[in-house]
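Trainee: Could we go through this model together, one question at a time? I would like to see how each answer is reached.

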Amino acid sequence: MLYVGSNVFFDYCSLRVTFAHLDLAQKTGRYAYYFTRNLVTVIGLFIPSQIVSCILWVYKREHPSFPTLHGNIVQNFFEETTWPYAFATGHDATQIVSGLFPGQLLITGIVFVPTLLVVSMFVVYYGFLQVTPSSEAPLAVA
């Protein structure tokens with residue numbers, strides 16, 4: 001419950017910050033500044049989200065001594081973020097392949113989704129405005 005709750009909390013904060021920066025960008029017209037500021041803020045949210053997620057991951061596994069974490073804290077975080085996941089492969093999904101997969105990074109990286117979506121939307125919108133004819137041009141009357 002705490003594991004999921006922490007991820008939801010950081011995702012909520014990301015959404016709130018993204019919409020606040022979007023509102024400020026629209027009011028001031030300083031889109032690049034506020035989108036950059038939003039990206040920095042979301043990176044700031046990602047780091048504690050990843051730390052909390054990695055710490056709680058060991059307890060989520062329901063066996064605190066597994067995995068046996070050795071080395072420094074950076075090695076431990078790398079081990080947890082790239083823990084092998086099992087994937088079913090083959091045409092009938094009978095083969096199980098276990099490989100390194102950044103599941104923890106994927107889960108906590110969701111804090112970037114609102115920023116990516118909002119910035120992508122504005123890039124597409126701006127591009128659309130650039131390729132469409134201006135409404136200032138007179139329309140041809142037949």
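Trainee: Is Ser14 buried or exposed, and what is its relative accessibility?

Mentor: Keep in mind from the start that this is a predicted model. Ser14 is found in helix H1, and a residue counts as buried when its relative accessible area is under 20%. Ser14 falls under that cut-off, so it is buried, with a relative accessibility of 0%.

Trainee: Which residues does Ser14 touch, leaving out those up to four places away in sequence?

Mentor: A contact here means heavy atoms within 4.5 Å. With residues up to four places away in sequence not counted, the residues that Ser14 touches are Val42, Leu45, Val111 and Pro114.

Trainee: How far apart in space are Ser14 and Leu39, C-alpha to C-alpha?

Mentor: Along the sequence, Ser14 and Leu39 are separated by 25 residues. In space, the distance from C-alpha to C-alpha for Ser14 and Leu39 is 9.8 Å.

Trainee: Asp11 also interests me, and what separation is there between the C-alpha atoms of Asp11 and Thr108?

Mentor: Asp11 lies in helix H1 and is partly exposed, with a relative accessible area of 22%. Not counting residues up to four places away in sequence, Asp11 touches Ile110 and Val111. Thr108 is 97 residues from Asp11 along the chain, and the separation between their C-alpha atoms is 8.3 Å.

Trainee: In what order do the elements of the chain run from the N terminus on?

Mentor: The chain has five helices and two strands. Reading from the N terminus on, the order of these elements is α-α-α-β-β-α-α.

Trainee: Which residue forms a salt bridge with Asp23?

Mentor: The structure holds one salt bridge, and its closest N and O atoms are 3.1 Å apart. Both partners lie in helix H1 (residues 2–28), four residues apart, which is about one turn of the helix.

Trainee: How many aromatic pairs does the structure hold, and what is the angle between the planes of Phe9 and Phe10?

Mentor: The structure holds six aromatic pairs. One of them joins Phe9 and Phe10, with 5.4 Å from centre to centre. Phe9 is partly exposed at a relative accessible area of 49%, while Phe10 counts as buried at 9%. The pair of Phe9 and Phe10 is edge-to-face, and the angle between the planes is 70°.

Trainee: Why is the pair of Tyr31 and Phe35 tilted?

Mentor: Planes under 30 degrees apart count as stacked and those over 60 as edge-to-face, with the rest called tilted. The ring centres of Tyr31 and Phe35 are 6.0 Å apart and their planes stand at 55°, so the pair is tilted.

Trainee: Which residues form an aromatic cluster with Tyr31?

Mentor: Tyr31 and Phe35 both lie in helix H2 (residues 31–60), four residues apart, about one turn of the helix. Tyr31 is partly exposed, with a relative accessible area of 30%, whereas Phe35 counts as buried at 15% relative accessibility. The residues that form one aromatic cluster with Tyr31 are Phe35 and Phe122.

Trainee: How much accessible area do Leu39, Ile43, Ile47, Ile51 and Ile55 have together?

Mentor: These five residues form a nonpolar patch on the surface. Ile47, one of them, is found in helix H2 and counts as partly exposed, at 47% relative accessibility. Together, the residues of this patch have an accessible area of about 410 Å².

Trainee: What percentage of the accessible surface of the chain belongs to carbon and sulfur atoms?

Mentor: Buried residues make up 27% of the 142 residues in the chain. The accessible surface of the chain comes to about 10,000 Å², and the part that belongs to carbon and sulfur atoms is 71%.

Technical notes
Residues are numbered from 1 along each chain as its sequence is written. This is a predicted model: local features need pLDDT of at least 70, side-chain atom pairs count only at pLDDT 80 or more; totals for chains, interfaces and linings use all residues. Side-chain values use heavy atoms; hydrogens and water are left out. Buried means under 20% relative accessible area, exposed over 50%, partly exposed in between (1.4 Å probe, protein chains only). Accessible areas come from the Shrake-Rupley method with a 1.4 Å probe; for residues, only the protein chains shown count as cover. A salt bridge is a side-chain nitrogen of Lys or Arg within 4 Å of a carboxyl oxygen of Asp or Glu. Rings of Phe, Tyr and Trp (its six-membered ring) pair if their centres lie within 6.5 Å; planes under 30 degrees apart count as stacked, over 60 as edge-to-face and the rest as tilted. Patches are made of residues with over 30% relative accessible area and no salt bridge: like charges are joined within 9 Å, nonpolar side chains (Val, Leu, Ile, Met, Phe, Trp, Tyr) within 5 Å.
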